[in-house]
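Here are my notes for you, one topic per point. Keep the viewer open while you read.

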Amino acid sequence: MLNNKICQLLNIKYPILQGGMAWVATAELAAAVSNAGGLGLIGAGHMPPDALKAEITKAKSMTNKPFGVNIMLKSPFVKEVMQVVIDERVAVVTTGAGNPGEYIPALKEIGTKVIPVVASVALAKRLERVGIDAIIAEGMESGGHVGEVTTMALVPLVVDAVSVPVIAAGGIGDARGVVAALALGAQGVQMGTVFAATTECTAHPNYKAAIVKCKERSTVVTGAITGHPVRVIANKLTRDFTELEKIGASTDELERLGAGKLKAAVRDGDVEYGSVMIGQVAGMVTAIRSVPEVMQDIVQQIPGVLAELSRKV
Ligand code: TUI
């Protein structure tokens, strides 16, 4: 069951990818997800190249399964971290927050599988022409930097627009979500939020506790005005941000308020004045569990979800 094109492409057991969350997705989390049969990824975020290299070395020591690196294209180190990924022969690269087109030929040349994250059909179509292996269609239910289209609408539109396999992301937190994604035409899923709330995730306990506390309306999207809308848990920071937006603050001022705040939340545990990026499915997370438990729960519950579905149709 579940052994499909994505599994064969990435040499993994289940077509379940872990989101490339900056500061959250360290070697420990990536290795745990890969060891549990999915594809773990290190979130490079704004990491300098030497830090990424150390993280890759650590992941290699913790798993003999394939893992990937997510490259945030707005990083000031994007060129250098791409080079690290090439030097280290990382099996899979996912990208976010931009158009990775110019980097694709070099990655393809060494056999790295390239799977960009997109939030629109237009970019999906453009990237297909450059030779990507698959594409992640990420809806606005996700945490962090988001587009404007929901997963429910985006995934089938991308599936119809491209011929590479599509991986659904945004709003997927359990077996029902996985089955729904497959029903929309996706061949796999990417999940961030549920993996952030695991024992193997090295994020600060306050950050993980904040996820458990979330209800369905606990997150908000701020920063649409700056052109970088992000989904985060509503807190003192988001209230200040909204106030600044209301009085017509400049993009510069708004970006200054946000600078360093993701690290403050994830590493230092400042969930009141940090940027607690997380997806809407945080409302579904009721406890911190281990990665194998999360993975096994999802995989084992799929037949039940399908049986229930076939009773209804
Ligand atoms: O990238 C994410 N999620 C992220 S990145 C991040 S850190 C950040 N820092 C500064 C500015 C922005 C983000 C926190 N969370 N998810 C994948 C994703 N990519 N969602 C949406 C997009 C996206 C948006 C626009 C992809 C391509 C794109 O294209 C613009 C273009 O250049 O054509």
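Predicted model: local features only at pLDDT ≥ 70, side-chain atom pairs only at ≥ 80, totals over all residues.

1. A term to start with: a polar contact is a pair of N or O atoms within 3.5 Å; within protein, one must be able to donate a hydrogen and the other to accept it, and residues adjacent in sequence count only if both atoms are side-chain atoms. Residues are numbered from 1 along each chain as its sequence is written, and side-chain values use heavy atoms, with hydrogens and water left out.

2. Now look at the ligand. Which residues come nearest to the ligand? Of the 13 around it, they are Ala97, Val117, Leu123, Glu138 and His145 (a residue is near if one of its heavy atoms lies within 4 Å). The shell divides into 6 nonpolar, 5 polar and 2 charged residues. For these classes, Ala, Val, Leu, Ile, Met, Phe, Trp, Tyr, Cys and Pro count as nonpolar, Asp, Glu, Lys and Arg as charged, and the others, Gly among them, as polar.

3. Check the ligand's nitrogens next. A nitrogen atom of the ligand sits 2.9 Å from an N or O atom in the Glu138 side chain. Backbone takes part too: a ligand nitrogen is 3.0 Å from a polar backbone atom of Ala97, and one is 2.8 Å from a polar backbone atom of His145. Taken alone, the ligand exposes 720 Å², and the protein buries 73% of that (areas by the Shrake-Rupley method with a 1.4 Å probe; for residues, only the protein chains shown count as cover).

4. Strands (E, at least two residues) are DSSP runs, as are helices (H or I, at least four), numbered from the N terminus; two strands pair if DSSP finds at least two bridges between them. S7 is joined to S11 (residues 230–233) by 2 bridges, and Gly144 stands opposite Arg231 in S11.
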